[in-house]
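Subject: Structure for you to look at

Hello,

Here is the structure I promised. Please open it and keep it beside this email while you read.

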Amino acid sequence: MSDNQFIKRKPQTRESGSSSNGGTGPMQIIIMGYCIIILLGTFLLSLPLATRSGTSVPLVDALFTATSATCVTGLIVRDTYSFWSPFGQAVIISLIQVGGLGFVTFAIMAATLTGRRIGLRERMLMQGSVSAPQLGGIVRMTRFIIAGALGIELTGALLLSIRFIPRFGVGKGIWFSIFHAISAFCNAGFDLMGIESRYSSLTAFAGDPLVSLVIVGLITLGGLGYFVWADIRTNRGNFKRYKLHTKIVLVTSLALTLGGTVLIFLFELGGEVFEGLNFGQQWLASLFQSVTMRTAGFNTVDLGAMSNASALLLMVLMLIGGSSGSTAGGIKTTTFAVFFLCIWSEVRRRRAVEVFGRRISDETVRNACCVVALSLVFCLLAAMLLCCFDGIGLKESLFETVSAVATVGCSLGVTPTLSTPSLLVVILLMFYGRVGSLTILVAFSQAYENAASTMPLEEITIG
């Protein structure tokens, strides 16, 4: 869960596990932990037991699926229901749960249950894993995260079972409800609706308000972030008392959801995407796509039939994603907000970036600009590689790479057709999107130290 977080690069000490003294720092451990989980998932999915046919899947397909599940992306090369056995599906949903909440979260929780003392190193790991602002109360926050997540997922599963049990029977209905509740809360986008039509996602429920709104609710709660939950629980409905982080997350999320809903409705009004849906169901479908594109990966309409304007809008929503310290991916709502505020401050010729009566530090602004720039560069470079390797269209390749970087999982139908080199590119993008650009940079860079002197200043022309 250590996505694009704002990490202060302080001089590393012996206790923090600096790589300069031969130790392993928290960010490096987080990266290695995700790699180990992905490799374990790859091994389990490679077993004949994991497929319905009883034959081993190609290694690259197992690696791709394990990476997509652990990084809660949702891109698939094999239909989850029709290809993977119940054992394979259980492996996938387990990877989603661990990847969504963070393996460090489960490790800390297991240690507390066994009575093991949580030391400073473990607390620092947890802080990095969930983007916590401070070490104090991190173990208590871990319990809150686990209890809150399981409670929300259970509630979502119970609500989904109202539709799924009558439709699929008791056994499958319960399993489908649990699977989709976890997948939605963790913003993963994996589904089992291949039982009706392969790669169909939730298109069969486009006009069903219960399923659509429950999935939307799970995605939203998972994408807000645990510290937003805690702040709302503490201050209830008193917006003025919320922390600046919570205010930015709530306002930005609401603006993106409402703005995306209205624009999708207008772009697709009268088109084939809404064919067969009444006026209210069209708005419901627009809301669903607006929410799910911010890293969840489900869809209730045919994305390939959407207009170019909608496709571009969906890419923007995917790239922004959810919020820091949540199950969602993307550059994060806070990063986007700070980046936008930086531009707005420059337009107004203001020296500082300010919002809600508070000033945002220059380091945070630099980090936000760095995250946005890196994500855009990787998306463009990867899209060029996909065009080169497989000759697919620019729209499809860019949509695929943005979906991978933002760990969304939506596709215009090209994922199963990608060659091995393209699949490896997408695997790297998913891992990058889940771990986070700043986490990777901090993990493999030297500790920052204040320079004794600065270079001479010289101006250059911009624009």
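Two residues are in contact when they have heavy atoms within 4.5 Å of each other. This is a predicted model: local features need pLDDT of at least 70, side-chain atom pairs count only at pLDDT 80 or more, and totals for chains, interfaces and linings use all residues. Residues are numbered from 1 along each chain as its sequence is written, and side-chain values use heavy atoms, with hydrogens and water left out.

**The whole chain**

The chain has 18 helices and two strands. These are DSSP runs, numbered from the N terminus: helices are H or I with at least four residues, strands are E with at least two. Of the 463 residues, 55% are buried. Buried means under 20% relative accessible area, exposed means over 50%, and partly exposed lies in between (1.4 Å probe, protein chains only). Take the contacts with a separation of 6 or more: 71% of them join residues 24 or more positions apart.

**The cores**

A nonpolar core is a set of buried Ala, Val, Leu, Ile, Met, Phe, Trp, Tyr and Cys residues, joined through side-chain atoms within 4.5 Å. The largest one has 116 residues. Ile96, Phe185 and Ile215 have the most contacts inside it. Helix 7 (residues 138–168) gives the largest share of this core, ten residues. Apart from it lies another core, of nine residues, including Ile248 and Val353.

Look at Phe185 next. Beyond residues up to four places away in sequence, Phe185 touches Leu101, Ala149, Tyr226, Trp229 and Thr327, among others.

**Two loop residues**

Is Thr300 buried or exposed? Thr300 is buried, because its relative accessible area is 3%. Thr300 sits in the loop between helix 12 (279–292) and helix 13 (308–320). Leaving aside neighbours within four places in sequence, its contacts include Leu202, Ser212 and Phe288.

Val57 is in the loop between helix 1 (26–46) and helix 2 (59–70). Val57 counts as buried, because its relative accessibility is 7%. Val57 and Ser46 are eleven residues apart in sequence, and 5.6 Å apart in space, C-alpha to C-alpha. Among the residues Val57 touches, not counting those up to four places away in sequence, are Arg78, Phe83 and Trp84.

**One more residue**

Val262 is found in helix 11 (residues 244–268). Val262 is partly exposed, because its relative accessible area is 36%.

Best wishes
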